[in-house]
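Please keep the structure open as you read.

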Amino acid sequence: MSKLTLKTEADTHLVVTRHFAAPPEVVFRAHTDPKLVQQWLLGPEGWSMPVCINEARPGGKIRYEWRHPTQGAFHLTGEYVELVAFSKIVHVERMFLPDPTPDNHVETRFEPDGAGTKMTTRMTLPDTKTRAAMLATGMEHGMEASYVRLDSMIDNLIPSAASR
Amino acid sequence: MSLDTSFAALADPTRRAILARLALGEATVMELAKPFHMTQPAISQHLKVLEQAGLVLQRVEGAKRPRRLAKAGLDAMDQWLAMLRNALEKNYERLDGVLAAMQSQDKKRN
């Protein structure tokens, strides 16, 4: 079962786990090849990733830029600290919303799990101010999408409403 | 509090921004009006909608009535976690597809 788990650890960290139906080597490649990262690291629906720079070596540069047709754009930069093929990636990143957030220290581990992989990511929990800034960017889109869905649900239930 | 009331309350970008500001701590109408360059009556109107939706509460402090996020409404941390969970779920669903494509390509080569 590919179920995402998300837990807070004390008030300082977040731990995310997810199982994938591919061996650790394949999952590791999908995280470190920029052409592959650009296909999946897109966030909520509607966003594209015009820039995906990912230099997978210690000290290597990360730069990701996202764009939405109506919600604008934002980016993040980062650096790799450590890579152990195919089991561990340690990197630092910060988002620009548009001001830079504090650095987020991320440690991602890939363990064999049957024929697949168990991925565990541990990251710095953003502070209250950063969470509010992220919400101001993300919530817009999230609530718009929900409201549009509600509208279309109403249109489907009440045929006369659709002719408004 | 019905789902419709919540959606209606959150459909307005100014009200969403007010909630984001209140996530940092309580504030009076005067304090809220400043960054939005809106009049106090305009902000009060938005706050009324948010209060009716059960998302904002007020207390009395002398002549002031500071507003805060209602715990039973949208807790800021829960909101943020829900947003992150949604983004991560979408990412990893796409990654499932990318991994499947990679593996079938690898099979074709070998």
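1. Confidence first. pLDDT is the predictor's confidence in each residue, on a scale from 0 to 100. In chain A the average pLDDT is 85, and 83% of the residues score at least 70. Chain B averages 84, with 86% of its residues at 70 or above. For the complex, the predictor gives an ipTM of 0.81 and a pTM of 0.67.

2. Ground rules. This is a predicted model, in which local features need pLDDT of at least 70 and side-chain atom pairs count only at pLDDT 80 or more, while totals for chains, interfaces and linings use all residues. Residues are numbered from 1 along each chain as its sequence is written, and chains are lettered from A and ligands numbered from 1 in the order in which they are written.

3. Two residues are in contact if their C-beta atoms, placed from the backbone, lie within 7 Å. Residues 157-164 of chain A are also below 50, with three contacts beyond near neighbours in sequence. Where pLDDT is low, the predicted coordinates should not be read in detail.

4. Layout of chain A. Chain A has three helices and eight strands. Helices (H or I, at least four residues) and strands (E, at least two) are DSSP runs, numbered from the N terminus. Their order from the N terminus is β-β-α-α-β-β-β-β-β-β-α. Chain A has 164 residues, and 20% of them count as buried. Buried means that 20 or more other C-beta atoms, placed from the backbone, lie within 10 Å of the residue's own. Among contacts in chain A with a separation of 6 or more, 34% join residues 24 or more positions apart.

5. Strand pairing in chain A. Two strands pair if DSSP finds at least two bridges between them. Strand S3 (residues 48-54) and strand S4 (residues 61-68) of chain A run antiparallel, joined by five bridges. A:Ser48 stands opposite A:Arg67 in S4(A). S3(A) and S4(A) form a hairpin with six residues between them, and A:Gly59 in the turn has a positive phi of about 85°. S4(A) also pairs with strand S5 (residues 72-84) of chain A, antiparallel over eight bridges. Here A:Arg63 has A:Thr77 in S5(A) as its bridge partner. Three residues link S4(A) to S5(A) in a hairpin.

6. Where the chains meet. How many residues of chain B are in contact with chain A? There are 30, and they touch 34 residues of chain A. Helix H1 (3-10), helix H2 (13-22) and helix H5 (76-109) of chain B each give two or more residues to this side of chain B. H5(B) provides the largest share, 21 residues. This side of chain B has 20 nonpolar, four polar and six charged residues. Nonpolar covers Ala, Val, Leu, Ile, Met, Phe, Trp, Tyr, Cys and Pro; charged covers Asp, Glu, Lys and Arg; the others, Gly among them, are polar.

7. Helix packing in chain B. H2(B) packs against helix H4 (residues 40-52) of chain B at an angle of about 75°, with the axes 10 Å apart. Axes are lines fitted to C-alpha atoms, for helices over the stretch in contact, and angles run from 0 to 180 degrees between N-to-C directions. The two helices, H2(B) and H4(B), are therefore roughly perpendicular (65 to 115 degrees). B:Thr14, B:Arg15 and B:Ile18 in H2(B) meet B:His46, B:Val49 and B:Leu50 in H4(B). Among the elements of chain B, H4(B) has the highest mean pLDDT (93) and H1(B) the lowest (62).

Key:
Buried ≥ 20, exposed ≤ 12 C-beta atoms within 10 Å, placed from the backbone. Parallel < 35°, antiparallel > 145°, perpendicular 65-115°, else oblique.
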